[in-house]
Amino acid sequence: MNFPILETKRLQLIKLTHRHVESLFEIFSQNEVTRFYGTERFTLPAEAMKLIDLFQKNYQDKRGIRWGIKLKENQKIIGTIGLNNLQLKNKRAEIGYELHPALWRKGYATEAIIEVLQFSFTQMELYRIGAIVYPENAASVNLLQKMGFTKEGILRGYMHQSNHIHDTYVLSILKPEWEKSQENK
């Protein structure tokens with residue numbers, strides 16, 4: 001299956017390749033980005049290359065799909081978005097995303113999430129999209145709830161990062177809930 005390219009008004013969601021290493025390294029080398037990501041800040045470009053290779057392997061193995069978020073206006077990669085823990089048989093996945101901090105609060109994450117949900121529910125025929133979010137990441141929790149996700153509870157001791165164990169929230173949106181939200185648009 002060819003990698004799907006998605007478009008919004010301001011963004012293109014594209015396949016990441018090694019030519020995007022520098023952009024990803026710039027994003028993932030910032031503490032603000034990795035603070036709630038479940039990984040340490042990148043210190044070497046090779047780490048970005050490994051991440052791209054992981055995204056490609058997950059796609060080949062049908063375990064995930066991760067797009068680079070590219071601004072149409074200047075063709076710059078500003079983050080990634082995608083589906084983790086993809087289980088086609090069970091019609092579910094978990095959404096994840098991050099943006100360069102200079103571009104937070106400009107509606108780019110919302111725009112990308114809307115497009116990925118549309119693709120997930122209509123083209124991939126998924127039924128459930130979950131999200132795993134640190135409770136301290138209030139901006140992401142609020143964004144997902146604004147998008148129609150329901151907070152289901154806390155996963156205790158779920159993530160290990162920076163020599164600490166962290167609880168996470170689990171949120172989700174089901175296809176019928178998403179479809180109902182589309183009726184009003």
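How do the residues of the lining of the largest pocket divide into nonpolar, polar and charged?

## The largest pocket

In this predicted model, the lining of the largest pocket divides into 24 nonpolar, eleven polar and ten charged residues. The lining comprises 45 residues, and F36, Y37, G96, Y97 and E98 are the ones that lie nearest the centre of the pocket. The space in this largest pocket amounts to about 1,300 Å³.

## The sheet and its edges

Eight strands make up an open sheet with mixed pairing, and their order across the sheet is β1-β2-β3-β4-β5-β6-β8-β7. Strands β1 (6-7) and β7 (150-161) stand at the edges and have a single partner strand each, so one side of each is left without a neighbour in the sheet.

Strand β2 (residues 11-15) runs antiparallel to strand β3 (residues 65-71), to which five bridges join it, and within this pairing L11 stands opposite L71 of β3. On one part of the sheet a helix is also placed: α1 (residues 21-28) lies across β4 (77-87) and β5 (92-99), and its direction makes an angle of about 85° with that of β4.

## Strand β8 and its two partners

Strand β8 (residues 164-174) pairs with β7 in the antiparallel sense over eight bridges. Two residue pairs can be followed along this pairing: M159 stands opposite H166 in β8, while K151 has L171 of β8 as its bridge partner. The two strands form a hairpin with two residues between them, and in the turn S162 has a positive phi of about 55°.

On its other pairing, β8 meets strand β6 (residues 128-133), again in the antiparallel sense, over six bridges. Here G130 is the residue that stands opposite S172 in β8.

## Aromatic pairs

How many aromatic pairs does the model contain? With ring centres required to lie within 6.5 Å, the count comes to seven aromatic pairs. One of them is formed by F3 and W67, whose rings are 6.1 Å apart centre to centre with 70° between the planes, an edge-to-face arrangement.

Which parts of the chain does this pair tie together? F3 lies in the segment before β1, whereas W67 belongs to strand β3, so the pair ties together parts that are 64 residues apart in sequence. Strand β3, in which W67 lies, is also the strand that five bridges join to β2.

Definitions and conventions
Residues numbered from 1 in each chain as written. Predicted model: local features only at pLDDT ≥ 70, side-chain atom pairs only at ≥ 80, totals over all residues. Heavy atoms only, no water. Pairing = 2+ DSSP bridges. Helix = DSSP H or I, 4+ residues; strand = E, 2+ residues; numbered from the N terminus. Contact = heavy atoms within 4.5 Å. Axes fitted to C-alpha atoms, helices over the stretch in contact; angles between N-to-C directions. 1 Å grid on protein atoms, 1.4 Å probe; cavity = no way out; pocket = protein on both sides within 12 Å on 5 of 7 lines; lining within 4 Å. Points joined across faces, edges and corners; volume = space filled by probe spheres on them. Nonpolar A, V, L, I, M, F, W, Y, C, P; charged D, E, K, R; others polar. Phe/Tyr/Trp six-rings, centres within 6.5 Å; stacked < 30°, edge-to-face > 60°.
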